[in-house]
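Below is an account of how two chains pack, taken from a predicted model. Please keep the structure open while reading.

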Amino acid sequence: MTDMQAMDGSSQAHRAERHRFYWAGVLLAAALTVLPFWLVMTGQADRSTTALLIFAMALVQIVVHVAFFLHVDTRSEGGWTLLAFLFTAVIVVLTIGGSVWIMYHLNTNMMPGAITGH
Amino acid sequence: MTDHADDPGRSITWHRVDEDGHDHEDGNATLLGFWIYLMSDALIFASLFAMFGVVSTSYAGGPVPREIFNLPLVALNTGLLLASSITFGEAMPHLAAGRAAPVRVWLAMTGLLGAGFVGVELYEFGHLVSEGAGPQRSAFLSAFFTLVGTHGAHVTVGMIWIAVMLAQIARNGLTPAMRRRVMCLSMFWHFLDIIWIGVFTFVYLYGVVR
């Protein structure tokens, strides 16, 4: 079966449903973009609360984009896209979190009182 | 996809699996392969984010984020890129239905929004350099220009890809090969918007808050 036949085979209702799903993602993404900018630009909360909230919203927005725009779920490609994504997420967290963690402690232990900005 | 793994001797099974790959519109080895590429690209950005995270407070007595980041401009840029993701999403139902004209219109709009994004970013970079906050000023600024510039370079490549797709659709129509290419481009474009979520949160917003 070619791609063409598969696409013609999907019903109008199925396509309409996909489009609604997609627009739910658009609304979520827009809200999760506007909120952190609003928080920071108007200074609603104290620094640590604001930082926590913007990182939390960024994580949720990344999941929203991956699920609603890139259609990654347990069924797509037999689950291989999801598996590759989760593996990458683990490496990304290890790379960024590990580097920042280790270098922060190196800074604080080897240069006491140095300009770390904390 | 797994029922063939225990008996590699039966070649007929492999043929069946190959055909199964085309049974639904996303079931295409190219799309999965392109996804793996995007994941490896994500690792490049992960290392750039890690580098930025490590030196993000090494100002070397130079400007700090709060002094040089123009948040309304970043918000505009974020809006442009998110809008371009949405316009690309609008092209996809038309792609599935085989309507070439609306696909080209939505792709062209996506390209224009992408050009707006790159234009604003270049303006921001030029402004920073003219203020003496260029990449050579401090480790923080070196990492900033490397990370944000790499993302901007990706968006520029995406715009070139859109231009090529517009020309090829005009010449070939929406052949299965063209659909596959546009679907890969769609993944690429959405992926760049996801990287930008990390940039505007970690670099700009957190930089101003900390």
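At what angle do helix α2 of chain A and helix α4 of chain B pack? The angle is about 175°, and the two axes lie 11 Å apart.

Sorted by class, the contact of α2(A) with α4(B) has 16 nonpolar, five polar and two charged residues.

The size of an interface is often given as the accessible area lost when the parts come together. For chain A and chain B the buried area is about 4700 Å², with 74% of it on carbon and sulfur atoms. Chain A gives 49 residues to the contact and chain B gives 51. Zero salt bridges are found by the rule across the interface of chain A and chain B.

A further helix pair lies within chain B. Helix α5 (residues 100-130) and helix α6 (residues 139-172) of chain B have axes that come within 9 Å and cross at roughly 155°. α5(B) and α6(B) are therefore roughly antiparallel to each other, and their crossing is left-handed. In the contact of α5(B) with α6(B), 20 residues are nonpolar, seven are polar and three are charged.

Conventions: Residues are numbered from 1 along each chain as its sequence is written. Chains are lettered from A and ligands numbered from 1 in the order in which they are written. This is a predicted model: local features need pLDDT of at least 70, side-chain atom pairs count only at pLDDT 80 or more; totals for chains, interfaces and linings use all residues. Side-chain values use heavy atoms; hydrogens and water are left out. Axes are lines fitted to C-alpha atoms, for helices over the stretch in contact, and angles run from 0 to 180 degrees between N-to-C directions. Helices (H or I, at least four residues) and strands (E, at least two) are DSSP runs, numbered from the N terminus. Angles under 35 degrees count as roughly parallel, over 145 as roughly antiparallel, 65 to 115 as roughly perpendicular and the rest as oblique. A crossing is left-handed if the near helix is turned anticlockwise from the far one by less than a right angle, and right-handed if clockwise. Ala, Val, Leu, Ile, Met, Phe, Trp, Tyr, Cys and Pro count as nonpolar, Asp, Glu, Lys and Arg as charged, and the others, Gly among them, as polar. Contact means heavy atoms within 4.5 Å. Buried area is the accessible area (1.4 Å probe) that two parts lose on being put together, summed over both. A salt bridge is a side-chain nitrogen of Lys or Arg within 4 Å of a carboxyl oxygen of Asp or Glu.
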